[in-house]
Amino acid sequence: GKIKALIRRTSYSTSQTGRVKVGPFTLDRSTMRMFKNNEELFLSAKEMILMQLFMTHPKNIFSKNELYEAVWGVEVVNDMSLIVYINHLRNKIEDNPKKPIYLKTSWGLGYVFAEDINF
């Protein structure tokens, strides 16, 4: 689907090592490891799929349906499970998960990553 193509085609070039850097985050696509300020974050497979999508398309608003398709390969299964994953991810990447600054909810639209980060 559209999302699979998006994951394959990143919106800006990654270096030869397959590293994607956005703000304090670095995704090493060759090893599928994620770092924040050089400290490794231990993400589940689904969290990693979400992060890879967000990191390669910063400032892009993803609808819940698009995120579902990316992670589960289908359109919405259950709204709550996505919210649970987003919350897990925020607990790992945010300094204060209750006041997210990296992974934000775009009300009525979905979720956006790195909206306020200048590259």
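Which exposed residues does the face of helix 4 turned away from its buried side carry? The legends below begin with that helix. The model is predicted: local features need pLDDT of at least 70, side-chain atom pairs count only at pLDDT 80 or more, and totals for chains, interfaces and linings use all residues. Residues are numbered from 1 along each chain as its sequence is written, and side-chain values use heavy atoms, with hydrogens and water left out.

View 1. Helices (H or I, at least four residues) and strands (E, at least two) are DSSP runs, numbered from the N terminus. Leu 82, Ile 86, Leu 89, Arg 90 and Ile 93 of helix 4 are buried (under 20% relative accessible area; exposed is over 50% and partly exposed in between, with a 1.4 Å probe and protein chains only). Down the helix axis these buried residues fall within an arc of 100°, so they line one face of helix 4; the arc is that of the directions from the helix axis to the C-beta atoms. The face turned away from the buried side carries the exposed residues Met 80 and Asn 91.

**View 2. Salt bridge between Lys 36 and Asp 95.** A salt bridge is a side-chain nitrogen of Lys or Arg within 4 Å of a carboxyl oxygen of Asp or Glu; the whole structure holds five. In this pair the closest N and O atoms are 2.6 Å apart. The pair links distant parts of the chain, with Lys 36 in strand 3 and Asp 95 in the loop between helix 4 and strand 6 (103–106), 59 residues apart. Lys 36 is buried at 9% relative accessibility, whereas Asp 95 is exposed at 58%.

**View 3. Salt bridge between Asp 28 and Arg 19.** The closest N and O atoms of this pair are 3.3 Å apart. Asp 28 counts as buried, at 8% relative accessibility; Arg 19 is partly exposed, with a relative accessible area of 40%.

**View 4. Positive phi at Met 32 and Ala 114.** Met 32, although not a glycine, has a positive phi of about 55°. Met 32 lies in the loop between strand 2 (25–28) and strand 3 (33–36) and is partly exposed, with a relative accessible area of 34%. Ala 114, also not a glycine, has a positive phi of about 65°. Ala 114 is in the segment after strand 7 (110–113) and is buried, with a relative accessible area of 0%.
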